[in-house]
Amino acid sequence: MHVRITDPTGGVRHATSTGPLDLPSPAKWSPMGAMDTVAVRPGRQIYVAGWTLDPDWVRDPTPVHVYIDGVPYDMLANRGHEGIGRMRTDAGPWHGFEVAVGVAPGNHSVCAYAINFGYGNHTPLGCRNVVVK
């Protein structure tokens with residue numbers, strides 16, 4: 001079997017094998033990040049903030065999906081975030097995300113995911129439960 005593999009940096013590898021191929025780990029190319037804040041704000045709003053960076057596209061904002069009780073809210077991580085520029089100087093500081101969503105009183109689940117570009121997988125950024133009074 002002959003396989004041509006193109007990696008996210010544009011490199012091409014050719015492989016001929018009669019057995020399993022040694023492919024790079026998707027984890028190396030998957031987004032990294034965190035859901036730093038989940039808070040209840042006045043007006044019965046759930047506020048969610050965090051950051052994410054996709055190593056395939058370090059200069060571009062990464063799509064983020066935040067789910068509140070299973071309802072998706074799509075956004076880009078394109079806001080300033082202090083720690084990113086220090087962690088990855090090639091990325092710049094514009095990889096933060098935030099959203100505020102009005103909800104009814106009660107218990108609510110909040111989950112966030114960084115959406116992968118290119119090779120790799122989507123990355124869970126965390127899940128939390130909050131109570132809105």
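Biologist: Is W57 buried, partly exposed or exposed?

Modeller: Buried means under 20% relative accessible area, exposed means over 50%, and partly exposed is in between (1.4 Å probe, protein chains only). W57 has a relative accessibility of 41%, so it counts as partly exposed. Keep in mind that this is a predicted model: local features need pLDDT of at least 70, side-chain atom pairs count only at pLDDT 80 or more, and totals for chains, interfaces and linings use all residues. Residues are numbered from 1 along each chain as its sequence is written, and side-chain values use heavy atoms, with hydrogens and water left out.

Biologist: How many aromatic pairs does a search of the whole structure find?

Modeller: A pair of aromatic rings is described by the distance of the centres and the angle of the planes. Here, rings of Phe, Tyr and Trp (its six-membered ring) pair if their centres lie within 6.5 Å; planes under 30 degrees apart count as stacked, over 60 as edge-to-face and the rest as tilted. The search turns up 2 aromatic pairs. For W57 and F117, the ring centres are 6.1 Å apart and the planes are at 80 degrees, so this pair is edge-to-face. W57 lies in the loop between strand 4 and strand 5, and F117 in the loop between strand 9 and strand 10, so the pair ties together parts 60 residues apart in sequence. F117 is partly exposed, with a relative accessible area of 26%. The rings of Y67 and Y113 also make an edge-to-face pair, because their centres are 5.9 Å apart and their planes at 80 degrees. That pair links Y67 in strand 5 with Y113 in strand 9, 46 residues apart.

Biologist: You keep citing strand numbers. In what order do the strands of the open sheet come?

Modeller: Helices (H or I, at least four residues) and strands (E, at least two) are DSSP runs, numbered from the N terminus. Two strands pair if DSSP finds at least two bridges between them. The open sheet has 4 strands in the order 3-4-8-7, with antiparallel pairing. Strand 3 (32–41) and strand 7 (79–80) are the edges, each pairing on one side only. Strand 3 is joined to strand 4 (residues 45–53) by 9 bridges, and M35 stands opposite G50 in strand 4.

Biologist: Which residues have the most contacts inside the largest nonpolar core?

Modeller: In soluble globular proteins, nonpolar side chains tend to be buried together. A nonpolar core is a set of buried Ala, Val, Leu, Ile, Met, Phe, Trp, Tyr and Cys residues joined through side-chain atoms within 4.5 Å. The largest one has 19 residues, and those with the most contacts inside it are M35, I46, V48, V66, I68, F97 and V110. A second, separate core of 5 residues includes W51, L53, V58 and A91. As for V110, contact means heavy atoms within 4.5 Å; leaving aside neighbours within four places in sequence, V110 is in contact with residues including M35, V48, Y67 and C127.

Biologist: Which residue forms a salt bridge with R79?

Modeller: A salt bridge is a side-chain nitrogen of Lys or Arg within 4 Å of a carboxyl oxygen of Asp or Glu. R79 pairs with E98, the closest N and O atoms being 3.5 Å apart. The pair links R79 in strand 7 to E98 in strand 8, 19 residues apart. R79 is partly exposed, at 43% relative accessible area, and E98 is partly exposed too, at 34%. The structure holds 1 salt bridge.
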